[in-house]
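Open the model in a viewer and keep a selection panel at hand.

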Amino acid sequence: MAATPFELAGRRVFVAGHRGMVGSALVRRLSGERCQVLVAPRAELDLLDRHAVDAWFDRARPDAVFLAAAKVGGILANSSYPYEFIHENLAIALNVIDAAHRFGVAKLLFLGSSCIYPKLAPQPITEESLLTGPLEPTNEPYAIAKIAGLKLVESLRRGHGSDFISVMPTNLYGPGDNYDPEASHVVAALIRRFHEAKLRNDPQVVVWGTGTPRREFLHVDDLADASVHLMKVYSGACALNIGTGEDVTIAEFARQVAATVGYRGRIVFDAEKPDGTPRKLLDVSKLAALGWRARIALPEGLRLAYASFRAEHPEIGRAPAVRA
Ligand code: GDP
């Protein structure tokens with residue numbers, strides 16, 4: 001097994017999924033590491049095609065891999081396209097992890113997701129909760145594919161001594177987020193909705209659910225920083241939680257988004273819309289013991305996210321928008 005700390009300097013480091021929110025944050029973060037960052041445009045490399053992935057690894061010969069490529073989406077997308085979610089995520093995990101193994105990659109970090117924990121896991125959720133109960137049915141196909149990825153990594157470590165690791169990020173937000181109202185998660189959804197309401201001078205903004213569920217939010221630049229840190233210092237079989245260790249109610253969160261955007265109208269809650277799980281908070285004590293904690297507090301993270309939203313989507317709010 002490779003020794004820790006694992007040095008990134010001078011290495012060829014492949015970021016799979018570099019166009020996504022997580023992959024692009026990793027590319028930004030790795031630019032400060034004196035390593036050679038490798039990316040593969042989709043037109044050049046289809047991660048669903050095993051032969052293409054093999055050929056790419058054979059040619060590029062990365063020393064390290066961050067596997068951030070995945071088909072992701074909100075509750076609606078997951079329940080509308082269950083086959084695509086399980087099939088694509090299984091294929092990406094199998095093709096990339098297996099090629100990394102066969103082409104001699106020294107270290108790989110696979111990104112799981114906190115939604116792979118059982119629906120009713122005790123809070124805060126420890127790493128030991130994995131596979132202790134039924135999953136949330138709406139994203140079960142996605143979760144099963146991600147669990148399979150974790151098990152590929154764990155089995156290679158056990159059976160072949162590979163220094164491959166996995167991490168489980170909590171709810172993420174930041175540059176490159178998806179602001180499509182049908183597919184977005186709550187951070188992107190509310191940034192957009194409050195922004196549009198401000199531009200239209202709407203007297204009120206509707207927030208889904210009762211406002212009482214609690215969620216933990218991690219800025220994607222913090223995730224990238226934690227991932228690079230763990231790539232260097234962690235070599236273990238346990239898939240580690242990455243989060244802030246703090247959560248807020250959706251009502252409080254909505255007030256923070258309104259303040260960030262500068263919206264002064266009323267906030268109302270539509271209890272007809274689903275709340276989802278009452279609480280989702282990761283236990284981050286293992287991560288803390290390895291010397292990492294989140295640096296971007298929520299108010300600052302929201303300020304950054306609002307700035308990147310406006311830079312990435314100058315068109316939103318200009319044309320007459322659909323009311324939420
Ligand atoms: P979850 O963490 O898997 O439940 O994912 P979401 O980010 O989609 O939802 C988190 C919480 O925010 C849930 O309680 C939602 O009901 C609530 N929420 C409030 N307004 C919205 C919205 O406009 N879009 C989304 N996706 N969630 C919202």
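Is the crossing of α6 and α10 left-handed or right-handed? The crossing of α6 and α10 is right-handed; a crossing is right-handed if the near helix is turned clockwise from the far one by less than a right angle, and left-handed if anticlockwise.

Before going further, note that this is a predicted model, in which local features need pLDDT of at least 70 and side-chain atom pairs count only at pLDDT 80 or more, while totals for chains, interfaces and linings use all residues. Residues are numbered from 1 along each chain as its sequence is written, and side-chain values use heavy atoms, with hydrogens and water left out.

**Stop 1: α6 and α10**

Select residues 186-200 for helix α6 and residues 298-312 for helix α10. Helices (H or I, at least four residues) and strands (E, at least two) are DSSP runs, numbered from the N terminus. The two helices pack at an angle of about 65°, and their axes are 11 Å apart. Axes here are lines fitted to C-alpha atoms, for helices over the stretch in contact, and angles run from 0 to 180 degrees between N-to-C directions. α6 and α10 are therefore roughly perpendicular to each other (65 to 115 degrees; under 35 counts as roughly parallel, over 145 as roughly antiparallel and the rest as oblique).

Now show side chains. On the α6 side, V187, I191, R192, H195 and K198 meet L302, A305, Y306, F309 and R310 of α10, where contact means heavy atoms within 4.5 Å. By class, this contact of α6 with α10 has six nonpolar, one polar and three charged residues. Ala, Val, Leu, Ile, Met, Phe, Trp, Tyr, Cys and Pro count as nonpolar, Asp, Glu, Lys and Arg as charged, and the others, Gly among them, as polar.

**Stop 2: α1 and α7**

Next select residues 21-30 (helix α1) and residues 220-233 (helix α7), which pack at about 60° with their axes 8 Å apart. That angle makes α1 oblique to α7. α1 passes α7 in a right-handed crossing. From α1 the contact takes M21, V22, A25, L26, R28, R29 and L30, and from α7 it takes V220, D221, L223, A224, D225, S227 and V228. Nine nonpolar, one polar and four charged residues make up the contact of α1 with α7.

**Stop 3: α4 and α5, and the cavity**

Move to α4 (82-102) and α5 (140-160). Their axes come within 7 Å and cross at roughly 15°; α4 and α5 are therefore roughly parallel to each other. The crossing of α4 past α5 is right-handed. Residues of α4 in the contact include F85, I86 and L90, and those of α5 include Y142, A148 and L152. The contact of α4 with α5 has 15 nonpolar, four polar and no charged residues.

How many cavities of 30 Å³ or more are there? The count comes to one. On a 1 Å grid over the protein atoms alone, a cavity is a set of points where a 1.4 Å probe fits but cannot get out, and a pocket is an open set with protein on both sides within 12 Å along at least five of seven lines; lining residues have an atom within 4 Å of a point. Grid points are joined across faces, edges and corners, and a volume is the space filled by probe spheres set on the points.

About 40 Å³ of space lies in the largest cavity. Select A69, N89, I92, A93, F110, A145 and K146 to see its lining. α4 gives the most to this lining, with three residues. By class, the lining has five nonpolar, one polar and one charged residues.

**Stop 4: the second largest pocket**

This pocket has a volume of about 310 Å³. It is lined by 19 residues, and T244, E246, I296, A297 and L298 lie nearest its centre. α9 (285-289) and α10 are the elements that give two or more residues to the lining. The lining divides into 11 nonpolar, three polar and five charged residues.

**Stop 5: loop residues**

Select H185, in the loop between β6 (171-173) and α6. Not counting residues up to four places away in sequence, H185 touches G73 and G74.

Then go to Q123 and P124, which are joined by a cis peptide bond with omega about -15°. P124 lies in the loop between β4 (107-111) and α5.

Finish at R61, in the loop between α2 (50-60) and β3 (64-67). R61 has a positive phi of about 45° although it is not a glycine.
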